[in-house]
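Dear colleague,

I would be grateful if you could read the notes after it with the structure open.

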Amino acid sequence: MARSYDFIIVGAGSAGCVLANRLSADPSHRVLLIEAGPRDWNPVFRVPIMAGRLFQGRYCNWSFETEPEPHLNNRRISWPRGRVLGGSSAINGMIYTRGNRLDYDGWAQMGLRDWSYERVLEAFRRSERHHGGPSQVHGSRGELPVGPATSSNPLFDAFIQAGMQAGHPFNPDFNGAGQEGVGRYDYNIWRGQRWSSARSFLDAVRDRPNLDVLTGAQLLKVNLDRGRAAGVKLKIGSKAVDIPAEREVILSCGAIGSPMGLLHSGIGDADALKAAGVEPLVELTSVGKNLQDHMHVAVAHRSKTPDETWDHLRLDRAALGFVQAALFGKGPFSRFPHEGGAFLKTDPSAAAPEVQIHFIAGGAGGGLRHPFARRTAPRFADGHIFYGSVCQLRPESTGEIALRSSDPFDSPVIRANYLSSPTDRRIVREGLRMVREIFAQPAMDPHRGEEIAPGPSVQSDAEIDAYVAGAGSTIFHPVGTCRMGVDPASVVDEQLRVRGVEGLRVADASVMPRLVSSNTHAPTVMIAEKAAGYILGDQASAARSVSARTNRAA
């Protein structure tokens, strides 16, 4: 490690790895990328089917959980977040969706004119290596592979056909001209293996002499000196270490880690900081507020069509499947069984789809099965099943991230506040009924067994609401806690600079003013591309100013 760096990036997840790549491309920039977790050496991160185990287990996972959720029967909801090079992109479901163009045009209408759909599209294209080649909406030369769905399971075609029979259009590309319809997702899976941000953006540049990657280092705080981010204080092993930053510190720790990093640095609501035992340095009351997430709930059926993935979860078969996928990108473990999808309107007059469906074929299960294990009563996820997961795309309900104490190692307070809005409850209810309608179509007749969740007895609004309260959970898309805006109350400005502090930016999903209508990995990569452009543009502008002053002096 060098004694100081031009740029220090905290968090090597979906955004941080992109920034490390882009900022270190200029050999005159000394760049440090910091990750609290370990390196991603384990082949488990390459095997797509292992996503289910990675976000359920504690291996390289922060394993957060919410406070009791008032509208979900006061249950604590598990919030997995990646703690490894690649961050959550190393453990997620790998779906590549960008959101609706109206999401970004809505940001522009808030005054963030450089974040309109037309202006973010180029950033999406820059990072993308799309399986269909270049087009007006897709890139082919980027670092992030985007591959097609590959399963031959007839359930996926049946789901699409059933959706069309229910009156919904077929959509060959959810990231294309329009979002609405039924179809198959694209994935960050290439030749049968996962491509996280670390594998896509970091692996090829790790040997750059001006880029250092530090793992196992926990951020304690950003060091401030007379209103400027002067560097970071880290915990490495048993030692606290200060590392100076000559130009900028960029927080890319996600919707939980980035606001926590600001709060522990004394940037936030002064009264709340004092109550937690942190000295207030910069008054910024919005830090940690505006938390938004996609909640989902499933409609599940027994399946008459066997799925090979469930069969291969037997312990005696799983080892072979794992080796096939890890070494050769082949076999049932080389894909994730949720290839069918839909973006649908519950109200035909709506400007954009209001719900997203993830259609899963196969046991979504409880992990490996021992071939000699004793039979017990079947669980929801056991055996051959198919199900449709209903996700409301633009929730009105918002929550917050807050400090539990002044200890950076103490777990954050997470209040998601799901379903606090009656509109949210109505849309989830109607989305669940739409999935039932699709599953009732003739195309599903050869495959459809009994409905096991919520069950045929659950029909009325009150019964559906009660089911959602008991079964609803996160689909892992928290955003918004370092909100970008043009108003003084926003945490960061249009170029992601933290208000009231020089040399400090946030670049990750936490800056979204409103949650996008999709999975969030691709939009987070886009945010990092935009951030790199702003940072490099500022540096070029500063260099021109210095040159002009020098010339005038001469």
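Predicted model: local features only at pLDDT ≥ 70, side-chain atom pairs only at ≥ 80, totals over all residues.

I begin with helix H3, which covers residues 101-109. Four of its residues, Asp103, Tyr104, Trp107 and Ala108, are buried. When one looks down the axis of H3, these buried residues fall within an arc of 140 degrees, so they line one face of the helix. At the start of H3, Asn100 places a side-chain oxygen within 2.9 Å of the backbone nitrogen of Leu102. After H3 comes Gly111, which has a positive phi, near 105 degrees.

The loop between strand E4 (78-79) and H3 contains Thr97. Is Thr97 buried or exposed? Its relative accessibility is 1%, and Thr97 therefore counts as buried, the cut-off being under 20%. Leaving aside residues up to four places away in sequence, Thr97 touches Asn175, Tyr185, Phe343, Ser518, Asn519, Ala522 and Pro523. With one of these, Asn519, Thr97 makes a polar contact between side chains, at 2.8 Å.

The last item concerns the surface. There, Val323, Leu327 and Phe328 form a nonpolar patch, and together they have about 320 Å² of accessible area. Phe328 belongs to helix H10, residues 315-328. Because its relative accessibility is 56%, and the cut-off is over 50%, Phe328 counts as exposed.

Yours sincerely,
A colleague

Note on methods: Residues numbered from 1 in each chain as written. Heavy atoms only, no water. Buried < 20%, exposed > 50% of the residue type's maximum accessible area, 1.4 Å probe, protein only. Helix = DSSP H or I, 4+ residues; strand = E, 2+ residues; numbered from the N terminus. Arc of directions from axis to C-beta. Polar contact = N/O pair within 3.5 Å; in protein donor to acceptor, adjacent residues only side chain to side chain. Contact = heavy atoms within 4.5 Å. Patch = residues over 30% accessible without salt bridge, like charges linked within 9 Å, V, L, I, M, F, W, Y side chains within 5 Å. Areas by Shrake-Rupley, 256 points an atom, 1.4 Å probe, with all protein chains shown as cover. Salt bridge = Lys/Arg side-chain N within 4 Å of Asp/Glu carboxyl O.
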